Amino acid sequence: MRSNLGFFSDEKFRSIFFQTLVVGLFALGLFFVISTTSYNLEKRNIATGWSFLQNPAGFDISFSPFLEFKSTDTHLKVYFVGVLNTLLVSVTGCIAATILGFILGIVRLSSNWLLSRLVYIYVEFSRNVPLLLQIILWYSILIQLPRVKQSLQVLDVFYISNRGLYSPRPIFESGFSYVSIAILLALISSFLINRWAKKRQDKTGQQFPVFSSSIGLIFIVPLILFFILGSPLSFEHPELKGFNFKGGLVIRPEFIAMFLALSIYTAAFISEIVRAGIMSVSKGQREASAAIGLKQTWIMRLIIIPQALRVIVPPLTSQYLNLTKNSSLGIAVGYADLVHGFGGISLNQTGQAIECMAIVMATYLSISLTISFFMNIYNRSIQFKEK
Amino acid sequence: MNEMNEVRKPPVATTGIIGWLRINLFFNWTNSLITLFVIYCLYQFIPWILDWTIFSADFKYNYLGEQITNQEMCSRNLDPENGGACWAVIYVRFYQFIYGFYPKVEVWRVNLAYVMLAFALLPLLYAKLPYRKYFLYFTYIFPVIAYFLLNGGLGFTEVSTNKWGGLLVTLVLGCTGIALAFPIGIMLALGRRSKLPVISMMCTLFIEFIRGVPLITLLFFGMVMLPLFLPEGIDMDGLVRVLVAVTLFQSAYMAEVIRGGLQAIPPGQYEAAKSLGMSYWRMNLLIILPQAIRISIPPIVNTSIGLFKDTTLVIIVGILDLLGIGRGTLADTNWLGLSYEIYFFVSLVFFIFTFGMSRYSLYLEKKLKTGINMGAD
């Protein structure tokens, strides 16, 4: 039965042969790419190496809420500003999208036909129109707002104009650090109380007012401390000087457009995930909990949502990943995120495409991996635990 | 005695229009309040939007009866109190939205390609098509025909790709990306599940890398880095470079979807195929893949919708797709300030395509649910 190529039909030999072949071809391709690239770089007089990171950037970044940025700062600082801006819009976007998505997902299942149809229309429209188009549309709406001089005033302290939203900037005075420490301690202790209360309820069945005590700890205690220390917080109000506002906190329209578009677009997907999750909980669960006399809101909180979360969390993770990756579209409206600031302007100024793109891609990969890591931990914590 | 004689009211109707309204809109007082509030909002909003988009809009002529050739002639710019949307911009620039800057003499070629595309898609979308086999042959050779038809060669005058634009570019990117990503995705999915550790590791790394970075970085990669990787003299067309990036991106997502389908195939199918003495490729081509692809068609359509929407990203690297033509029109002083009309139109075109695709995917899902029984027993 054995053919002449006996050794070739041997599975072990074939496996080694093909893998060596693939590795060899891959190495050959890599060698070819590297040699042509280095030749091309030399010919075009493009520098290599990482020293460009220390060179002054020579351009300004209009939106950098965490780091002070001047045009004399280095490209490395451009990178950090970009990462922070990417993270800012991703984190705020994820939070807003989750809240909006959960609300819409639940409303979509409402017994009110009109309401659920309305959410359906919203979901279909925002899912089926490209995100980039939505970002650009929001931006074009925002920059058509009145000019600075005619800016809309909300509550006497917020000014909305085509340059963004101006609000008072909080100035923390010396004593404020105690207040923030108090808030932190209150958060930790309410977390511990929650755990203790759960344990006690499991053991004895006695309930503890976790919610109200946590609210008291987190809000009232720091507030009392705040007044004891003599309100160590003041606000710097924006003032109209010449053609623009001076002082105050400004949120640029680029950020608002990105935030609105990303959260509204992703919320549509999340609402469908939430809907599918809730519908995956069998009807019997709802009927059983109604039979033991639980109130509607309690049925949702104690029975339906915990079971639905098991179905919701894995696809929710991929929505978070998508939102973070989609935040790279800020380049279309000039939001100085990682891709626009470092991968766009810095790359064009230095010409070091390979280094810049490598850094940008590596950063996105690590952000993606970090999100997956934490969501996997969370996912494991809510899965069925065999007792 | 009195109690016994009390006349009970008939039960509340739950059928018919009244019954439907009662259950779905006015079940209890909160529900009724919500319904009334929503109706009030719609009452405020719908007449306004209808008025803006249709009743006081200009389609070709303004309210003076003149044909509109620039934004100053739009009714709403002549008289802010009067007039809504100015769709004339779409009317005037319609050619560019659909064909880009394709020469007018040669435009029949694009039209022919559009019609042929519809015929090529028919057998893929509709399994019960009569003579499906012959239509499929046409589908296989369609990419070649379309290449020569659109690009030139074989007696057609050459039309360089920087003249392409609008819907043409959107469809070329979408269709080519999906068509090329499909076989690559299958290979990657098989590779990732392969028993050979090196191959499986390489495929996994590739897929996870592509899925971990945004498409825009891949487009930059195609635009800025690809020319550096290639030897001198090979000058890649801009559209081709973008296509490389889009295809790489889509194939990673396609691979994951197909891998999902492969995982759903019961091991008995593999064992049965092997016991018949089939080789790896025969087993996959004849037994495993036909089943795996069949169940992964709905998610394949879904990722394709994603890709179709993502093709708009090419405007960032300077390719003029539908959205790019829209933005270009807005930059023209003749049509300044008509952003809502243009974005509305572009959204509508995308919506029609993607909504159609998502409806199709739903239809397939329903058909699959009732149609086949994955013989897991």
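Does B:Y131 count as buried or exposed? With 8 C-beta neighbours inside 10 Å, B:Y131 counts as exposed; the cut-offs, applied to C-beta atoms placed from the backbone, are 20 or more other C-beta atoms within 10 Å for a buried residue, 12 or fewer for an exposed one, and partly exposed in between. The structure is a predicted model, in which local features need pLDDT of at least 70 and side-chain atom pairs count only at pLDDT 80 or more, while totals for chains, interfaces and linings use all residues. Residues are numbered from 1 along each chain as its sequence is written, and chains are lettered from A and ligands numbered from 1 in the order in which they are written.

B:Y131 is placed in the loop between α6 (107–125) and α7 (132–151) of chain B. Helices (H or I, at least four residues) and strands (E, at least two) are DSSP runs, numbered from the N terminus. Although B:Y131 is not a glycine, its phi is positive, at about 55°. Most residues other than glycine have a negative phi.

The secondary structure of chain A comprises 12 helices and eight strands. The radius of gyration of chain A is 28 Å, well over the 21 Å that the globule rule gives for 387 residues, so chain A is more spread out than a compact globule. This radius is taken over C-alpha atoms, and the globule rule is 2.2 Å times the number of residues to the power 0.38. Along the principal axes, the C-alpha atoms of chain A fill a box of roughly 80 × 75 × 45 Å. Of the 387 residues in this chain, 30% count as buried. Among contacts in chain A with a separation of 6 or more, 67% are between residues 24 or more positions apart; two residues are in contact if their C-beta atoms, placed from the backbone, lie within 7 Å.

The mean for chain A is 84, with 96% of its residues at 70 or more. Within this chain, helix α1 (residues 6–9) has the lowest confidence, at a mean of 67, and helix α8 (residues 253–280) the highest, at 93.

The domain assignment divides chain A into domain 1 (6–43) and domain 2 (75–146 + 253–382); such bounds come from an automatic or database domain assignment. A distance of 40 Å separates the C-alpha centres of these two domains of chain A.

Strand pairing in chain A was examined around β3, with two strands taken to pair if DSSP finds at least two bridges between them. Strands β2 (residues 158–161) and β3 (residues 164–167) of chain A run antiparallel and are joined by three bridges. The two strands are connected by a hairpin of two residues, and A:S161 has A:G164 in β3(A) as its bridge partner. β3(A) also pairs with strand β8 (residues 249–251) of chain A, in the antiparallel sense and over three bridges. In this second pairing, A:Y166 stands opposite A:V250 of β8(A).

Helix α10 (residues 296–326) of chain A contains A:P306. With 11 C-beta neighbours inside 10 Å, A:P306 counts as exposed. The C-alpha atoms of A:P306 and A:Q383 are separated by 9.2 Å, and the two residues are 77 residues apart along the chain.

Chain B has 15 helices and zero strands. Its radius of gyration is 28 Å, well over the 21 Å given by the globule rule for 377 residues, so chain B is more spread out than a compact globule. The C-alpha atoms of chain B fill a box of roughly 85 × 75 × 45 Å along the principal axes, and buried residues make up 32% of its 377 residues. Chain B is divided into domain 1 (11–55) and domain 2 (89–102 + 159–371), whose C-alpha centres lie 41 Å apart. Helix α14 (residues 322–331) of chain B is mostly covered, with seven of its 10 residues buried; among them are B:L322, B:I325 and B:R327.

At the interface, 38 residues of chain B are in contact with 42 residues of chain A. On the chain B side, the elements that give two or more residues are α3 (29–55), α9 (197–212), α10 (215–229) and α15 (339–371). The most come from α15(B), with nine residues. The residues of this side divide into 27 nonpolar, 10 polar and one charged, where Ala, Val, Leu, Ile, Met, Phe, Trp, Tyr, Cys and Pro count as nonpolar, Asp, Glu, Lys and Arg as charged, and the others, Gly among them, as polar.

Key:
pLDDT = per-residue confidence, 0-100.
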